[in-house]
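Please look over the sequence and the model shown here before reading the report.

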Amino acid sequence: MTSDQILSEIKEANLTYLMLAQSLIREDRAQALYRLGISGDSADLIAALSPAQLMKIASGNMLLCTFRADDDMVWGLLTNHNVGHRTINEATARLHANIVMSSRIAEQGL
């Protein structure tokens with residue numbers, strides 16, 4: 001992949017993310033804050049963006065969204081790796097990962 005292709009993919013991902021975020025916020029703000037892991041102030045700003053502003057912000061060269069699963073424990077729960085010989089229910093592992101990520105958001109005061 002060339003640098004131009006990577007930048008194009010980043011811009012597309014940014015636009016898709018912003019459009020999804022705006023839609024989620026407008027539909028159910030509380031759920032959007034949880035799902036997106038953003039603050040109320042950020043949600044208010046995103047919800048108020050015009051289409052032109054969305055396009056301008058999305059055209060940057062840096063990804064706007066980040067992975068919230070940023071450690072081995074969460075990735076292990078999401079992928080069922082590192083479970084050893086235990087039998088683990090996939091739904092339970094995902095729920096546990098969601099709880100861990102949600103508690104981190106609450107600790108940050110978002």
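This is a predicted model: local features need pLDDT of at least 70, side-chain atom pairs count only at pLDDT 80 or more; totals for chains, interfaces and linings use all residues.

Residues are numbered from 1 along each chain as its sequence is written, and side-chain values use heavy atoms, with hydrogens and water left out.

**Whole chain**

The protein chain contains 6 helices and 0 strands, in the order α-α-α-α-α-α from the N terminus. Helices (H or I, at least four residues) and strands (E, at least two) are DSSP runs, numbered from the N terminus. Of its 110 residues, 25% count as buried; buried means under 20% relative accessible area, exposed over 50%, and partly exposed in between (1.4 Å probe, protein chains only). Among contacts with a separation of 6 or more, 58% join residues 24 or more positions apart; contact means heavy atoms within 4.5 Å.

**Helices α1 and α2**

The axes of α1 and α2 come within 6 Å and cross at roughly 145°. Axes are lines fitted to C-alpha atoms, for helices over the stretch in contact, and angles run from 0 to 180 degrees between N-to-C directions. From α1, the contact uses Y17, A21, L24, I25 and E27, and from α2 it uses R29, A32 and L36. By class, this contact has 6 nonpolar, no polar and 2 charged residues. Ala, Val, Leu, Ile, Met, Phe, Trp, Tyr, Cys and Pro count as nonpolar, Asp, Glu, Lys and Arg as charged, and the others, Gly among them, as polar.

**Nonpolar core**

The largest nonpolar core has 9 residues: Y17, A21, I25, A32, L33, L36, I38, A43 and I46. Two or more residues of this core come from each of α1, α2 (29–36) and α3 (40–48). A nonpolar core is a set of buried Ala, Val, Leu, Ile, Met, Phe, Trp, Tyr and Cys residues joined through side-chain atoms within 4.5 Å.

**Selected residues**

I46 is found in helix α3 and is buried, with a relative accessible area of 11%. Its C-alpha atom is separated by 7.3 Å from that of L18, 28 residues apart along the chain. Q22 lies in helix α1 (residues 3–27) and is buried as well, at a relative accessible area of 8%. L15 is found in helix α1, and the C-alpha atoms of L15 and L64, 49 residues apart along the chain, are separated by 9.2 Å.

| Residue | In contact with |
|---|---|
| L15 | L54, M55 and A58 |
| Q22 | I46, A47, L49 and L54 |
| A43 | I25, R29, L33 and I38 |
| I46 | L18, A21, Q22, I25 and I38 |

Note on methods
Lists of a residue's contacts leave out its neighbours within four places in sequence.
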